[in-house]
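This report describes how parts of a two-chain structure are packed and where the chains meet. Please consult the sequence and the structure below while reading.

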Amino acid sequence: MIDLVELRKHYKTVEALKGVSLRVASGELFAYLGPNGAGKTTTIRILTGLTRPSGGRAMVGGHDVEREPLKAKRHQGLVPQHINLDAELTVEENLVIHGRLHGMAASDIRGRIDELLEYVGLEEKRASLVKRLSGGMKRRLMIARALLHRPGVLFLDEPTVGLDPAIRRRIWSLIKKIQQDGVTVFLTTHYIEEAEFLADRVAFIDEGKIVALDTPRRLMDNLGQWAIDVYRENDMVTRYFPDRESARRFAEEHRNGYTLRRVNLEDVFLTYTGKKVA
Amino acid sequence: MSRAWLAVYLREMLILRRRFFRQLFSWSVAPLLYLVAFGYGMGRHVTVQGVDYLDFLIPGLAAMTSMTQAFAIGSEINIARFYWHIFEEFQAAPMSHVEYVLGEVLAGVSRAVLAGLVIIGLGASFGVVLSYNAYFWGAFVLNSLVFSGLAVALAMLVKSHADQAFMNNFIITPMAFLGGTFFPLSHLPPWAQEMLRFLPITHAASAMREAALGRTPDLFAYILLAVLGAAAFAGAVFTVDRARD
């Protein structure tokens, strides 16, 4: 459904993408993980036609985003990182404009708005001005808007950034539901737990390059099952173990300050890049 | 061509509807002040080129409005682009650049026509009823097309709200006062008259005044405005493409 081949992007002095290649299958929930400035948003902007690539190829639904931009755009919905709703218009008006931009018939737009407002739990807010909605509601409205024209692929760029944990969980359930309905989801995030909870596969990007790509389970299993953080004077060292027993034996030798815990995706990123995601 | 341009146009009109009374007030204030200052202030006794000054002034004000209100679509785009990030919604839609520009340009023209009707209404309330015929509205719409297209093109080139204000101050304001809106160009030195002949507003104001006073305007003005309108539209399509990173 999504194909990137040696995708490159350079701005005046910065090389934002240094040859990114990956393939996302139909129906997959793919998380694209990395620190701020790693190249996540640039990748999404190229895939959705907002940014011109400097080299390589990007395809969505079998269409090259540069050669057949209109066909590629018909296949996709985008939820950008920042809120980009018309605050002076109502929830319904925002959705109507989106539907018309995508060439939907008026009757289809009406039916789809009923369906989607219920889907994202905003049916009571139909006539409300967007400026009166909370941050979480605006995010859900943006997701509804991106789904209005029935895209095969949904791009979510940091969909939960700045939201409180309860609302974040609600958005996660919504994203899961979208995938279960057959939509391919390409999600960028710098929240490790978001990728762990949601994704079928994860790609780690750092400084414009993919440093690891696999299922969260396999990436973590490659390190081990358990981790021990050993605290030294100005430092902390992490060791990985295949089972809890061997981790405990190691811990007994380092009685002065340690934490025993499960291996997570942060450990994977740290191992590959030597730095933390967030 | 799809009908996505209608969505762009619809959005601008919905926003205009929501702000309608504020907008109506804003469209009325400046012309009202001009009418009071130049109409009552200078008196009904002043004549210019053989007509009452108010009869001379109203078509000039209409020409100025067709320019300023059409150009104001640039400020709306600027806010949508840099503050609300709505422009990305258009960029991500399956819509050509031509369709986007068409929607915005028509919105600019519609704003200008509404503001023009306000001027005519205000003029009538001062007892000035002129001949608002097809020649008048033809020049009005063509001038709006020129400045609406120019506004879209420049809105794609600017990088901030401050740049947009710069455009208004250095392009529109001088033209508003020097393009034959408030006084006949024949009062200026010959070199200034020659320079001002290069401004579209000069031709628009002249054609609209001739039409409003019941005379037949020079068709050259219409041809020139149509050519400039097409050039501004093409420029806008080009700059929309350039607006991608």
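In this predicted model, helix H4 of chain B, residues 73–82, is largely enclosed by the rest of the structure, because 7 of its 10 residues are buried. The buried residues of H4(B) are Ile73(B), Gly74(B), Glu76(B), Ile77(B), Asn78(B), Ala80(B) and Arg81(B). Several helices of chain B are included in what covers these buried residues, as the table sets out.

| Helix of chain B, among those covering H4(B) | Residues |
|---|---|
| H1 | 4–18 |
| H3 | 53–71 |
| H5 | 87–91 |
| H6 | 97–125 |
| H7 | 134–157 |
| H8 | 161–178 |

The largest nonpolar core holds 148 residues. Those that touch the most other members are Ala144(A), Val185(A), Leu187(A), Ala139(B), Val152(B) and Met208(B). H7(B) gives the most to this core, with 15 residues. In soluble globular proteins, nonpolar side chains tend to be buried together. Apart from its neighbours within four places in sequence, Ala144(A) is in contact with Leu95(A), Leu116(A), Leu117(A), Tyr119(A), Val120(A) and Leu122(A).

Between the chains, 23 residues of chain A are in contact with 22 residues of chain B. On the side of chain A that touches chain B, the elements giving two or more residues are helix H2 (69–74) and helix H3 (91–101) of chain A. H3(A) gives the most to that side, with 4 residues.

Conventions: Residues are numbered from 1 along each chain as its sequence is written. Chains are lettered from A and ligands numbered from 1 in the order in which they are written. This is a predicted model: local features need pLDDT of at least 70, side-chain atom pairs count only at pLDDT 80 or more; totals for chains, interfaces and linings use all residues. Two residues are in contact if their C-beta atoms, placed from the backbone, lie within 7 Å. A residue is buried if 20 or more other C-beta atoms lie within 10 Å of its own, exposed if 12 or fewer, and partly exposed in between; C-beta atoms are placed from the backbone. A nonpolar core is a set of buried Ala, Val, Leu, Ile, Met, Phe, Trp, Tyr and Cys residues joined through C-beta atoms within 7 Å.
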